Amino acid sequence: MTACVLLPNYSNPCGSLMPDENKRRLVELLEQRNIPLIEDDIYGEFCYQGDRPRPAKAYDQTGNVMLIASFTKLLAPAFRIGWVFGGRWQKEIEQLKFINTYSTSLVLQRTIAHFLESGGYDHHLRRLRKHCAEQINDAVDAIQRFFPADTRLHVPQGGYVLWLELNEKVDTLQLLQQALTEGISFTPGVMFSPSSSYRNCLRICCGEPWTVTHEKAIERLGQMAQGYINQSK
C-alpha cells in the first residue's frame, strides 16, 4: 500500500466522526507499517456542538501524516485556497506546488488573512455551523415524515450531508433518473463505491438554506421511493 487517504472528521458521504482514540491508534498503526496518511480535514470545522474535533495529525509524532484542508467549503468555492502540513514530505510538496502552479493569488490570500485577523472568520464559522445544524435537522424531520417507514437514516454530528439506506428493492440510480425529470437531485450510493455497491442508498446535501421547495422535494422523493417498493410487491 502506497498511502491512505482518509477523512476522519465528518467524512463524505456518511458524515461519520472517528473517535479520538481510534485516530491515535490509526496513526500509530500506519507509522509502524511505514504507510503515510493523507488526512483530508475539509469538513472538520462543521461541528454542531462542543469543541471542534481534533485531526488525526494531532497524534502524529514522526511526520507520517499529511494534513490538508481548504477554505473552499467554508468561505467560497471560487477561492480555491487551502493548506498542507506535509510532515516529512513538506519540502517535496512545496517543490511540486512551485512546479505545477508557481503561486496562488496573493490578493485572495491577503483577503483571507485579513478576515482571519479581524475576527470575522470566527464569527462566520459560528453562523455557518448554526445554519448547517438547522438545515440538517429540517431535512431529517422531513425525511422521517415523508420517506418509507423502513428507511434507515444516519444523523451526523457535523457536516452538511445525510446518508440514507432505502429498501433493497429501490435502485437509486433509477430513482435519480425519475427525480431529475422533476428537478430533484441527489447522489446515488453507487457513486461512492468502486464495486457498484450501495445501490439502494443515497446522499442528500443540506448545504443550502432550507425552504418550502426543499421540503416539497423531499416529500416527492419519498413518494417516488415508496412507488418503487409498491411496484415490486
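Thr 72 counts as buried in this predicted model. Its relative accessibility is 13%, and the cut-off for a buried residue is under 20%. Thr 72 sits in a loop. That loop runs between strand 3 (65-70) and strand 4 (82-85). The side chain of Thr 72 makes a polar contact of 2.7 Å with the side chain of Ser 70. Thr 72 also touches Pro 77, Arg 80 and Ile 81, when residues up to four places away in sequence are not counted.

The whole protein was then examined. It has 233 residues, and 40% of them count as buried. The accessible surface comes to about 13600 Å². Carbon and sulfur atoms account for 53% of that surface. Along the principal axes, the C-alpha atoms fill a box of roughly 60 × 45 × 35 Å. The protein contains six helices and eight strands. Read from the N terminus, the elements follow the order β-α-β-β-β-α-α-α-β-β-α-β-β-α. Contacts between residues at least 6 apart in sequence were also considered. Of these, 68% join residues at least 24 apart.

One pair of helices was described in detail. Two packed helices are described by the angle between their axes and the distance between the axes. Helix 3 covers residues 106-118, and helix 4 covers residues 120-146. Their axes come within 4 Å and cross at roughly 80 degrees. Helix 3 is therefore roughly perpendicular to helix 4, a term that applies to angles of 65 to 115 degrees. On the helix 3 side, the contact involves Phe 115, Leu 116 and Ser 118. On the helix 4 side, Gly 120, Tyr 121 and His 124 take part. The residues of this contact divide into three nonpolar, three polar and no charged.

Backbone geometry came next. Most residues other than glycine have a negative phi, and most peptide bonds are trans. Several places in the model depart from this pattern. The peptide bond from Asn 12 to Pro 13 is cis, with omega near 20 degrees. Pro 13 belongs to the loop between strand 1 (4-6) and helix 1 (20-32). Tyr 10 also lies in the loop between strand 1 and helix 1. Phi of Tyr 10 is positive, near 55 degrees. Tyr 10 counts as buried, because its relative accessibility is 4%.

Asn 34 has a positive phi too, at about 60 degrees, although it is not a glycine. Asn 34 is found in the loop between helix 1 and strand 2 (37-40). With a relative accessible area of 55%, Asn 34 is exposed. The cut-off for an exposed residue is over 50%.

Arg 220 lies in helix 6, which spans residues 212-231. Arg 220 is partly exposed, because its relative accessible area is 27%. Arg 220 and Phe 146 are 74 residues apart along the chain. Their C-alpha atoms are separated by 8.0 Å. Arg 220 touches Gln 178, Glu 182 and Ile 184, again leaving out residues up to four places away in sequence.

Definitions and conventions
Residues numbered from 1 in each chain as written. Predicted model: local features only at pLDDT ≥ 70, side-chain atom pairs only at ≥ 80, totals over all residues. Heavy atoms only, no water. Axes fitted to C-alpha atoms, helices over the stretch in contact; angles between N-to-C directions. Helix = DSSP H or I, 4+ residues; strand = E, 2+ residues; numbered from the N terminus. Parallel < 35°, antiparallel > 145°, perpendicular 65-115°, else oblique. Contact = heavy atoms within 4.5 Å. Nonpolar A, V, L, I, M, F, W, Y, C, P; charged D, E, K, R; others polar. Buried < 20%, exposed > 50% of the residue type's maximum accessible area, 1.4 Å probe, protein only. Areas by Shrake-Rupley, 256 points an atom, 1.4 Å probe, with all protein chains shown as cover. Polar contact = N/O pair within 3.5 Å; in protein donor to acceptor, adjacent residues only side chain to side chain.
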